[in-house]
Structure formats: structure tokens, C-alpha cells
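Please open the model in your viewer and keep a selection panel at hand.

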Amino acid sequence: MSYRDIRIGTALGLILIAVACGFLPLLWLGLAYGFSGFDAYLPRVAGFTLKQAFFSTFLSLGLALPVALAFARRQFAGRNALLKLFSIPLALPAIVAILGILGVYGNNGKFGGLFPVYGLTGILLAHVFFNMPLAARLMLTRLETIPAENFRLGAQLGFTRAQVFRYIEWPQLAPAVIGIASLIFLLCTASFAVVLVLGGGPQATTLEVAIYQSLRSDFDPARAALLALAQLVTCGILILIAGQFAKEVQVFPRSLAHVKRYDGESVYAKMLDYAALGVATFIILPPLCNVVATGVTRIEFDSSLLRATLTSFGIGICSGSIGLLLGWVLADGAGPRSGKRLRAAITLACLASLIMPPAVLATGWFVTLSRFVDVSSFAVALVIILNALMALPFVWSALHPALVENAQRNDTLCASLGLKGFARLRLIDFPVLRKPLLLAFLMAVIVSLGDLSAISLFGSDSLVTLPSLIMRQMGHYRMDAAAGTAMVLTTFCFVLITLAQSWSREQ
Amino acid sequence: MITLEAVQFRYEAMLMHFDLQVARGEFMAVIGPSGAGKSTLLSLIAGFEEPVSGCIRIADIDMQGVPPDQRAVSMIFQDNNSFAHLDVWTNVALGISTSLNLDAERRAHIDGALERVGLAAYKTRKPTEISGGEKQRIAVARALVRDKPVLLLDEPFTALGPALRREMLDLIRDIRAEKNLTILMVTHQPEDAEYAASRVAFVDAGRVAHVLPTEAFFAGTAPSKIRAYLA
């Protein structure tokens with residue numbers, strides 16, 4: 001057994017323990033109580049969870065498709081700026097965006113009273129705000145891999161705009177769409193902050209939030225366990241379905257030059273494209289402007305803000321480091337040298353926090369630990385571990401391609417030179433991987449900085465991060481202070497994501 | 001058949017300037033260093049790029065503002081000549097009707113073209129399931145059903161081995177003779193030009209520097225730039 005095997009085994013083992021501590025007590029509780037906790041509440045909550053996730057996914061994808069097609073087809077002044085705007089929601093902490101949405105569409109907002117912002121409409125708006133840009137960017141990535149010759153051939157054959165879509169664009173998108181849809185469905189199923197703030201009562205609550213309420217308000221671990229099991233089954237089925245449909249995706253070598261397009265020259269086509277971009281911009285921009293406009297002047301530099309900032313960064317750096325370390329070891333273990341089974345196990349481990357959303361894991365940990373110790377004294381550690389697990393999918397996606405490339409490029413030469421262990425790490429891996437490693441770390445920190453679910457489940461008066469400070473200020477109707485804190489949090493996330501983006505571009 | 005008069009085109013920092021005449025039924029090869037503008041020349045004729053100034057005529061019709069599908073031209077690229085998710089037959093059928101609106105006569109026409117290029121047995125295969133040479137035959141079959149008088153070839157056989165390349169060139173030569181096609185072929189293999197073309201155009205630094213009969217092009221008396229490139 002090599003040092004590498006031990007490393008990978010340890011990382012996998014740690015995640016397995018974390019997942020087992022989350023899952024087994026739930027199973028045990030679920031079996032012990034059976035369906036005694038089962039009443040009309042659970043199906044209603046589960047039903048609403050699926051309903052809002054379905055509509056959120058449908059709307060996000062439905063709008064993202066014309067947006068992605070327009071971005072792929074058009075070159076216009078400000079295209080890059082608009083693309084940057086579309087990347088902001090991806091980095092914005094949920095609570096900040098919610099504050100922005102409330103500021104615009106809430107009772108006192110500029111567009112207040114247009115529609116009820118609390119309840120299903122508000123939840124859908126917030127989910128589209130986050131997921132439409134995500135879907136559009138993922139689709140655009142696919143569209144940008146279409147070889148230029150396809151469009152030339154289409155032009156030569158006289159394809160109409162619809163035929164370009166049918167023969168060229170859609171076949172390229174189709175294999176990815178189910179994957180994107182199931183990702184967004186999963187994210188919306190496990191959505192916490194949005195539903196916590198914008199959901200209203202038992203009519204508009206999701207499993208994730210109901211778990212939190214059972215644990216923190218009702219002190220009813222048995223019900224939390226039942227809800228968590230329902231959530232776990234839902235997410236598990238979703239992942240299975242997504243896996244079934246995830247087809248082998250055809251990848252063309254990416255051309256560096258911009259692909260020239262010949263379709264969509266009519267006024268009508270142009271209007272449609274720019275209308276799609278306009279609608280999308282109108283969804284994204286107002287809440288962002290609101291956050292900045294109301295936040296800048298209202299920052300209250302007091303001790304609670306300072307403490308929350310330090311706590312956030314402390315937790316962020318710790319969980320980022322753990323997430324990076326775990327993710328690095330695992331992504332390295334899933335390289336081309338490893339067997340198929342090991343790779344599957346590692347992929348599954350990295351996605352653990354998607355299959356078992358934070359509230360599910362937290363419920364299990366809570367039940368396990370509360371039998372032996374006072375959970376609140378371990379709160380910081382639990383938040384850090386939970387955040388690290390939540391960051392793993394992001395660390396994975398930032399590191400894995402770079403590690404595979406590094407292995408393909410350097411493994412043979414390193415082996416022939418006998419370069420291994422620390423010498424290889426110092427001379428080859430670290431210099432080559434410095435940027436992706438930093439990128440992965442920053443993404444992990446950003447996930448942690450924006451986290452509201454772990455901190456809500458384990459936080460207390462003495463453990464307050466920036467997002468939970470915003471929640472507290474909102475809870476006390478100190479909306480100005482909340483806006484100011486949101487501005488501070490946004491600034492931090494923004495600086496980090498800008499750093500991350502500039503590094504990832506240089507790769 | 002094809003005339004380029006003082007055609008100017010700007011590609012990044014490079015200003016290209018083309019003058020060229022290709023006679024009806026002629027097989028002309030286009031040779032020259034990488035980045036000299038060979039492919040751009042074909043793209044201008046096919047209508048994928050619009051010149052800044054100058055005039056392109058195909059069959060004596062000015063092509064300014066004429067979209068690619070309304071030009072009397074078929075073009076075969078080096079790669080990606082077919083849609084990977086459609087079978088061989090459908091890929092060829094798109095050459096006749098983009099809405100795949102096909103009566104019995106058209107279907108027979110497509111079958112005939114596939115027969116002609118030797119793909120009759122592969123109708124229902126996907127392009128990913130056949131070899132590189134067979135893939136390029138799809139494009140040849142599609143050009144056959146499109147039945148345009150000009151055929152532009154942009155290094156279509158570069159990826160194939162010598163014997164297969166010769167076979168494909170024979171196919172193109174036969175079709176040219178049958179249909180009296182005018183052919184312009186960009187190639188990096190001088191022996192292909194020598195084998196198939198009646199004249200060779202030498203493109204260098206964004207200009208058609210020389211147009212010579214094939215024999216003169218490969219003779220020791222050719223201009224020094226050509227000899228330097230060939231050596």
C-alpha cells in the first residue's frame with residue numbers, strides 16, 4: 001500500500017464517517033418511530049418542495065435557453081460586461097440576493113406590490129435569479145464548442161434559424177440539458193435561505209427548512225429525522241435519474257477564434273435575441289443595484305459586525321483548507337491511473353453534500369452527538385466540517401480537470417526520471433497546479449462565507465457569521481443595518497470571486 | 001467561371017488582396033505557406049466572409065451580398081463535414097432539402113449519390129461509426145446531390161493516408177469529368193496537386209503570387225519562391 005493509497009483511503013474514510021454519522025441515526029430513528037410522526041404535514045411539505053423545484057427549474061431553463069442562444073449568436077458592444085453580470089449571482093450569498101429582491105419587490109420597494117414577494121412567486125423569482133444565469137452559462141459553454149464548419153455548412157445549405165437550432169445547436173445542448181436540469185432541481189430542492197426568508201408558514205415551506213424548524217424551534221429530532229429521510233430519498237432518486245440520463249457528451253476541440261454565424265440576421269430574430277437578454281438583465285440587475293444602493297451608506301461599523309466578519313473568515317479559511325485538502329487528495333485519486341470503481345466512489349464522496357443536503361447531515365450529527373455531549377460546544381467544528389463538505393463539489397470541479405491534465409502531461413516523464421513524493425510535489429505539481437489550487441480554495445471560502453444553512457442549524461448568540469448577522473438584523477426589523485452588513489459581505493465575496501476569475505483566466 | 005478582381009479582405013493585422021481567374025471545368029490547386037490566406041480565399045468565394053472591397057463573380061454573376069446558400073458553390077472542409085448525431089443518409093439528404101421534405105425521386109437521387117461514392121452500405125450509420133475517408137465521402141455525396149457547378153475543397157484529404165488520398169482524388173476527378181465541375185482545391189500535399197490539378201495557384205502573404213500550369217509549377221524553372229516552398 002503506497003502513501004497515495006493511504007491518503008485517498010483516509011479522505012474517503014473521513015467523508016464516509018461524516019455521512020454515516022448523518023445517515024445511520026436517521027435510519028434508526030425512522031425505523032424506531034416508523035410512521036408515527038407521519039401526518040398531513042410531511043406530504044404537504046414534500047409536495048411543495050418538489051413543486052417549487054420543478055417550476056424553478058422549468059423557468060430557469062426556459063429563460064436560459066434563449067439567453068444562451070443569443071449570447072452564442074451575437075457579438076455586441078458590452079457582451080463581455082453582460083456576461084460578467086451573469087456571473088455575479090453565482091457568487092452572491094443567497095441572503096444578500098434575497099435582501100435585494102425584498103428591497104425591490106417587497107412592500108416598500110420600487111416595484112413593491114407587483115406580486116406577492118412572500119410565498120411561491122418570491123421563491124421562484126429568487127431561484128430563477130440564481131439558476132437562470134448558471135444554466136445560461138453552462139449552455140453557452142456547450143454552444144461554444146460547436147465547430148465553425150457546422151455553421152458554414154448550415155449557411156451553405158441554407159438553414160433557417162429554426163433549422164440551425166434543430167440540426168446544430170440542440171443536438172449539442174441536448175446531452176447536457178438533463179444534467180443541468182437535475183443540478184438545478186437538486187439545488188432548488190435543497191434551497192434553504194430563499195425558502196427560510198421568502199417562504200411563508202406551512203403552506204410554502206420545503207423539507208430543508210422544515211428540518212431546521214423541527215430541530216431549532218420545535219426540538220423534535222424524531223420529526224426532523226423523518227423529514228430528513230424524505231429529503232434524502234428525494235435527492236437520491238433525483239441523482240439516480242440524472243445519472244441514467246447523463247449521456248456521453250461529445251466534445252469537439254475548442255476553437256480559439258470566435259465562431260462566425262450566418263443565421264438570425266432578420267430584424268425579427270435580432271429582436272427576439274435582444275429581448276431575451278433584456279428580460280434576463282431585468283431579472284438580475286435590479287436586486288443587485290438595490291443591494292449596493294441601499295447598503296453602501298448604511299454600514300454600521302460596530303463590534304457585532306467586526307465579530308461576525310472575523311468569525312466568517314475564521315470559519316471560511318478553516319473549512320476552505322479542509323475542503324481543499326480533501327478535494328485535492330480525492331481529485332488526485334480519481335485520475336486516469338485509478339480504477340473505475342474507485343473513481344465512482346470518489347465522485348460520489350465529493351457530491352455527498354448534494355445527495356445529503358446540509359440539513360439532513362446536520363440532523364444526523366445532532367442526533368448522534370446529543371447523546372454524548374452538548375452539541376453547542378462543538379458548533380464551530382460542525383459548521384466548519386459541514387461547510388467543507390458543501391464546498392467539495394466546487395473544489396472538485398476546479399481541481400479535477402487540471403489534475404487530469406497534469407497527470408497526462410507529466411506522469412510518464414516523472415516516472416522515467418524517478419521523480420516522486422515531496423520532490424515531485426515541489427518541482428512539478430505545486431508550480432503547475434498553484435493557480436487551480438488557489439482557485440479551488442477561494443471557491444471553498446466563498447461557499448462558506450455565503451453559507452446560511454450550517455450556521456442556522458448550529459449557530460448561537462456566541463457564534464454569528466455575516467449571513468446569520470443579516471438574518472438577525474432582519475429578524476429585529478433593522479433592515480438598514482441588514483443592508484449594510486449585506487454590502488460588507490458582498491464586497492468580500494466580490495473581491496474573492498474577482499481574484500478567482502482572474503486566476504482561472506490565466507490558466 | 002470564378003473571377004476575383006482586386007478583392008481585399010482584412011484578417012487581424014493582415015490585408016489580403018486577391019486577383020484570380022478560374023476557367024469553367026478547370027481543376028485548380030491552391031498551394032502556399034500556412035496562414036498565407038488559402039482558406040480565406042475559398043471562404044470569400046463560398047460567401048463565409050465578405051470582402052472589404054473588390055468584386056467576386058461566379059458564372060458572371062456578382063456575388064456581393066449573396067448569402068452562401070444562394071451561390072453556385074459546394075464546399076468540403078477538412079473536418080466536421082457532417083452532423084454527428086444524424087446518420088449518413090440524412091446528412092446527404094440535407095443537401096437537397098433542409099426540411100427533409102423528400103419525394104421518391106429525391107430519395108432515389110440520394111441513394112444514387114451514396115452508391116456513387118461507395119457509401120451505400122453505410123446509410124444508417126452515424127458519422128462517428130465510420131472511418132475518416134468514409135466521412136469525407138459523405139461530403140462528396142452531398143455535393144453530388146446539391147449539384148452546384150463549383151466545388152471548393154479545403155484540405156479535405158489531409159488526414160488520410162497516401163493510398164486513400166489517391167483514391168479520393170480519383171473520385172473527385174471522375175465526378176469533375178462527369179459534371180464538368182470547376183474545382184478549387186487547397187492542399188498541403190504538392191503530390192496531390194501534381195496528380196489532380198491542371199493549374200496551380202501559389203498563395204503567399206495574402207496574395208495570389210503565381211498561377212502556373214501544373215507542369216511548369218513543379219518544374220525547375222518555377223519562380224524561386226515556389227521552389228523554396230516546395231524544397
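The tour that follows goes through a predicted model, chain by chain and then across the interface.

Begin by colouring chain A by pLDDT, for which the mean is 86, with 95% of the residues in that chain reaching 70 or more. Then select residues 247-256 of chain A, where the pLDDT is below 50, although beyond near neighbours in sequence this stretch still has 11 contacts in the model. Where pLDDT is low, the predicted coordinates should not be read in detail.

Next, select residues 3-33 of chain A, which form helix H1. With 31 residues at 1.5 Å a residue, H1(A) should span 45 Å, and the 44 Å between its end C-alpha atoms therefore agrees with that expectation. While this helix is selected, centre the view on Ala20(A), where H1(A) has a kink of about 30 degrees.

Where is H16(A) kinked? The kink, of about 50 degrees, is centred on Asn410(A). Following H16(A) comes Gly418(A), with a positive phi near 70 degrees.

Now show chain B, which has eight helices and 10 strands. Its radius of gyration is 18 Å, close to the 17 Å given by the globule rule for 231 residues, so chain B is as compact as a globular protein of that length. Along the principal axes, the C-alpha atoms of chain B fill a box of roughly 55 × 40 × 30 Å. Of the 231 residues in this chain, 41% are buried, and among contacts in chain B between residues at least 6 apart in sequence, 66% join residues at least 24 apart.

Within chain B, select residues 38-46, helix H1, which is mostly covered, with nine of its nine residues buried. Among them are Lys38(B), Leu41(B), Leu44(B) and Ile45(B). Just after H1(B), look at Gly47(B), which takes a positive phi of about 95 degrees.

Finally, show both chains together and select the interface, in which 17 residues of chain B are in contact with 16 residues of chain A. Coloured by class, the side of chain B that touches chain A has nine nonpolar, six polar and two charged residues.

Notes
Residues are numbered from 1 along each chain as its sequence is written. Chains are lettered from A and ligands numbered from 1 in the order in which they are written. This is a predicted model: local features need pLDDT of at least 70, side-chain atom pairs count only at pLDDT 80 or more; totals for chains, interfaces and linings use all residues. pLDDT is the predictor's confidence in each residue, from 0 to 100. Two residues are in contact if their C-beta atoms, placed from the backbone, lie within 7 Å. Ala, Val, Leu, Ile, Met, Phe, Trp, Tyr, Cys and Pro count as nonpolar, Asp, Glu, Lys and Arg as charged, and the others, Gly among them, as polar. Helices (H or I, at least four residues) and strands (E, at least two) are DSSP runs, numbered from the N terminus. The expected span of a helix is 1.5 Å times one less than its number of residues. The bend at a residue is the angle between axes fitted to the seven residues ending there and the seven starting there. A residue is buried if 20 or more other C-beta atoms lie within 10 Å of its own, exposed if 12 or fewer, and partly exposed in between; C-beta atoms are placed from the backbone. The radius of gyration is taken over C-alpha atoms; the globule rule is 2.2 Å times the number of residues to the power 0.38.
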